[in-house]
Amino acid sequence: NPALLCPTEERYMFHVKINEINERCRRDPAAFIEESERSYTNVIESIADCICENRYDRTILLLNGPSSSGKTTTSHRIRDAIERRGICSYAISMDDYYLSRGSYIVPKDEEGHDDLESPLCMDLPMLSEHLAALVRGETIEVPTYDFMRHIRTDEVKEVRLEKGEIAVIEGIHALNDVLMEKVRESSIAVYMAVGTQLVLANDWRLAPHVLRFVRRAIRDKNFRDAPIPETIHMWRSVRRGERLYIRPYIPSADFIVNTYLPYEGCVLMNQLKLDAEPYHQEMIEAGLKDLVRALDQFEEISDFSLIPDNSITHEFIG
């Protein structure tokens, strides 16, 4: 069983009441933020300790999680924590193992659209063999994928691990059985997700995937020039990919990290409220009725200077 530092499965779900969140926000927002961030940091440090203690036997670190789970910030902070302990690590992007478009038949979803999140779009057997070679102390040639031309280029990067060094691989297929087959005993796997359910009333709760939608909608608007309707339109496809390609492999994780910060609703909900107002009907049709109802239920934290520079919240608000 994984070490459930911050679990995401329903029977372990964290339940946080909105009236308690709002009360803490009104009383002392600085202390509320500081406590939330400290708890998250403690989890990161505990995982880093485990990785470093086992670095001679488990040289592969696999990082996985669904959309808007905070993978980027959490991954960076785990690597920073490892390197502060004097351990060298190498990041290998799963994106570079995409197959060149035209070299395979792109799988389709139920509606006939290209399913670019399918593991069949990637050369997972090659990546699996590369990771096994790293464990054996061999040099590998990491490919490079050109997303503008959708092809794998001739450029490669050589990587070899010295004794006690760590290779870090992040991606939605990082826990796939094809990848894990050859390195299961030589790896540590971390699954990152929102593992909190917000309780607004006895019969009214915001599920973790709804809280992730809030994160994604704000991030896409701020950093990807994607308006709210575009995020709403994509959400069903995103959720489909999670059900098919991520959730089945959660039991492979050694650590499950809840990346949700208790104060973040007081930041993100109020950011989303005005932008989402013209699109309530679209959100309801996309299964986000509870979110529409909840948007004006949160106290506001508007002083972003209270949020630490390395906070996961900045992944979404900038």
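**View 1. The open sheet of three strands, with the order S1-S8-S9.** In this predicted model, an open sheet of three strands is ordered S1-S8-S9 and shows mixed pairing, where two strands count as paired if DSSP finds at least two bridges between them, and where helices (H or I, at least four residues) and strands (E, at least two) are DSSP runs numbered from the N terminus. Strand S1 (14-17) and strand S9 (204-206) form the edges, each pairing on one side only, and neighbouring strands of this sheet are turned by 35 degrees against each other on average, direction ignored. For such angles, axes are lines fitted to C-alpha atoms, for helices over the stretch in contact, and the values run from 0 to 180 degrees between N-to-C directions. The model is predicted, and local features need pLDDT of at least 70, side-chain atom pairs count only at pLDDT 80 or more, while totals for chains, interfaces and linings use all residues. Residues are numbered from 1 along each chain as its sequence is written, and side-chain values use heavy atoms, with hydrogens and water left out.

**View 2. Strands S8 and S9, with helix H1.** Strand S8 (residues 196-201) and S9 run antiparallel and are joined by three bridges; Ala 201 has Trp 204 in S9 as its bridge partner. Helix H1 (residues 18-27) packs on the sheet, where it touches S1 and S8, and its direction makes about 60 degrees with that of S1, contact meaning heavy atoms within 4.5 Å.

**View 3. Cysteines without a disulfide.** A search of the whole structure finds zero disulfides, a disulfide being a pair of cysteine sulfur atoms within 2.5 Å. For Cys 52, the nearest cysteine sulfur is that of Cys 50, 9.3 Å away; Cys 52 is buried, with a relative accessible area of 7%, buried meaning under 20%, exposed over 50% and partly exposed in between (1.4 Å probe, protein chains only).
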